[in-house]
Amino acid sequence: MAVTITFNKRESELIKSHAKIRNMSVSEFVREAVRERLENEMDLQDYMKAKAEFKKNPVTCSMEEAEKELNYPT
């Protein structure tokens, strides 16, 4: 899928500069930036969901209890 994005001159220069510093093409740089943003948004949604669930049932356990429940090798 092809997508066209228009940046103003300042944005374009900034993107090109950062892509060059990271030895990436502009396309790679923008693609990675979008992917990271999407991952951050999904992480935030997961956090908000977990926080809401914890508010409904604020039960905690010790590290030892968690390790035992997850069959974590000691």
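The following exercises, each with a worked solution, concern a predicted model of a protein chain.

**Exercise 1.** Determine which elements the protein chain has and whether the chain is compact or spread out.

*Solution.* Begin with the elements: the protein chain has 3 helices and 0 strands, and from the N terminus on these elements run α-α-α. Next, take the radius of gyration, which is 21 Å and lies well over the 11 Å that the globule rule gives for 74 residues, so the chain is more spread out than a compact globule. Then turn to the C-alpha trace, which spans about 55 × 30 × 25 Å along its principal axes. Finally, consider burial, where buried residues make up 8% of the 74 residues.

**Exercise 2.** Find where Asn 23 and Asn 71 are placed, and say what their phi values are.

*Solution.* As a first step, recall that most residues other than glycine have a negative phi. Asn 23, although it is not a glycine, has a positive phi of about 55°, and its place is in the loop between helix H1 (9-21) and helix H2 (26-56). Asn 71 likewise has a positive phi, near 55°, and this residue is found in the segment after helix H3 (63-69). For the surroundings, exposed means over 50% relative accessible area; Asn 23 is therefore exposed at 71%, and Asn 71 is exposed at 68%.

**Exercise 3.** Identify the residues that make the nonpolar surface patch of about 490 Å², and say whether Met 1 is buried or exposed.

*Solution.* The patch is made by Met 1, Val 3, Ile 5 and Phe 7. Of these, Met 1 is found in the segment before H1, and with a relative accessible area of 98% Met 1 is exposed.

Methods
Residues are numbered from 1 along each chain as its sequence is written. This is a predicted model: local features need pLDDT of at least 70, side-chain atom pairs count only at pLDDT 80 or more; totals for chains, interfaces and linings use all residues. Side-chain values use heavy atoms; hydrogens and water are left out. Helices (H or I, at least four residues) and strands (E, at least two) are DSSP runs, numbered from the N terminus. Buried means under 20% relative accessible area, exposed over 50%, partly exposed in between (1.4 Å probe, protein chains only). Patches are made of residues with over 30% relative accessible area and no salt bridge: like charges are joined within 9 Å, nonpolar side chains (Val, Leu, Ile, Met, Phe, Trp, Tyr) within 5 Å. Accessible areas come from the Shrake-Rupley method with a 1.4 Å probe; for residues, only the protein chains shown count as cover. A salt bridge is a side-chain nitrogen of Lys or Arg within 4 Å of a carboxyl oxygen of Asp or Glu. The radius of gyration is taken over C-alpha atoms; the globule rule is 2.2 Å times the number of residues to the power 0.38.
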